[in-house]
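Please look through the structure shown below.

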Amino acid sequence: MENYAERFDAVRARIAEAAQKSGRRPEDIELVAVSKQQPPEVIRAAAEESGQALFGESRVQEARVKQSLLPSRLRWHFIGHLQKNKIRAALGSFELFHGVDSLETARQMQRIAEEAGQRPRVLLEVNVAGEATKFGFAPGALEAGVEELVGLDRLTIEGLMCIPPPQPEAEDARKFFVLLRELRDRLETAARVGLPQLSMGMSHDYPVAVEEGATLVRVGTALFGERVRSEQ
Ligand SMILES: *Cc1c(COP(=O)(O)O)cnc(C)c1O
């Protein structure tokens, strides 16, 4: 049996340490426990032992099955790529969508949310390293499209999210986190909106992300151990 209380406390302690180091308050950073590919009984045990309530999932169907089996006090964020044909099913199931990654997806969400009477909270995913294989807005495209995005009145856009390419050292990811924060600052000025949330940092590099302003860190492996099935 894993000792979830210890693992979660260790991650929380490193978040607090990184926050203090950079003059931030630990309570301004929320830990999203990434539970994708973890079975419901693992999530139940982790929640009970550690007191964690917030979990992140990257597949709509998988998440909805888990939600139906687990206590309703648990809170769920969607952290994956949202396929257009899954938007309707996903809308009422997550309190925050981290990975809205194109204008097309945002427009579809707006339309479906209007039909369904929903007001989803979203973060915009930025392709910070310009990787051809990754989803997300190019920084320039976001600066060009931000006026339209903030005009989608059904969406509450709360900030930005990124998944930098894997780096040999956590420190090497810092430049991508800085890029995301500085882009956020420019968008706030250009569109005269508040974008308080920065979702950045995973098991390998979350302390660096916290030092650079993350308000949400998405941590899986450091809490649950290696996932059994390979990453989607
Ligand atoms: C899987 C995943 C994570 C967690 O990654 P770990 O390296 O296990 O911490 C974070 N964010 C996203 C978007 C993911 O898909």
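Which residues do ring pairs link into a cluster? Ring pairs join Y4, F8 and F224 into a cluster. The model is a predicted one, in which local features need pLDDT of at least 70 and side-chain atom pairs count only at pLDDT 80 or more, while totals for chains, interfaces and linings use all residues. Residues are numbered from 1 along each chain as its sequence is written, and side-chain values use heavy atoms, with hydrogens and water left out.

A pair of aromatic rings is described by the distance of the centres and the angle of the planes. Here rings of Phe, Tyr and Trp (its six-membered ring) pair if their centres lie within 6.5 Å; planes under 30 degrees apart count as stacked, over 60 as edge-to-face and the rest as tilted. The structure holds 7 aromatic pairs. One of them is formed by F55 and W76, a tilted pair with 5.9 Å from centre to centre and 40 degrees between the planes. This pair links distant parts of the chain, with F55 in strand β2 (residues 54-57) and W76 in strand β3 (residues 75-78), 21 residues apart. Helices (H or I, at least four residues) and strands (E, at least two) are DSSP runs, numbered from the N terminus. F55 counts as buried because its relative accessibility is 0%, and W76 is buried with a relative accessible area of 7%. Buried means under 20% relative accessible area, exposed over 50%, and partly exposed in between (1.4 Å probe, protein chains only).

F78 and F97 form another aromatic pair, also tilted, at 6.1 Å centre to centre and 50 degrees between the planes. This pair too links distant parts of the chain: F78 is in strand β3 and F97 in strand β4 (residues 96-100), 19 residues apart. Both F78 and F97 are buried.

Next comes the ligand. Of the 13 residues around the ligand, K36, S203, G220, T221 and R227 come nearest; a residue is near a molecule if one of its heavy atoms lies within 4 Å of it. By class, this shell has 6 nonpolar, 3 polar and 4 charged residues. A polar side-chain atom of R218 lies 2.8 Å from a nitrogen atom of the ligand. An oxygen atom of the ligand is 2.8 Å from a polar backbone atom of G220, and an oxygen atom of the ligand is 2.8 Å from an N or O atom in the side chain of R227. The protein covers 90% of the 390 Å² of accessible area that the ligand has on its own, with areas from the Shrake-Rupley method and a 1.4 Å probe.

V34 is in strand β1 (residues 30-34) and is buried, with a relative accessible area of 5%. Not counting residues up to four places away in sequence, V34 touches G56, I79, R218, V219, G220 and F224, where contact means heavy atoms within 4.5 Å. The C-alpha atoms of V34 and I79 are separated by 8.5 Å, and the two residues are 45 residues apart along the chain. I79 is found in the loop between β3 and α4 (87-91). With a relative accessible area of 10%, I79 is buried. Beyond four places in sequence, the contacts of I79 include V34, H98, M161 and R218.

Q108 lies in helix α5 (residues 103-116) and is buried at a relative accessible area of 19%. The side chains of Q108 and R111 are joined by a polar contact of 2.9 Å.

How values were computed
A polar contact is a pair of N or O atoms within 3.5 Å; within protein, one must be able to donate a hydrogen and the other to accept it, and residues adjacent in sequence count only if both atoms are side-chain atoms. Ala, Val, Leu, Ile, Met, Phe, Trp, Tyr, Cys and Pro count as nonpolar, Asp, Glu, Lys and Arg as charged, and the others, Gly among them, as polar.
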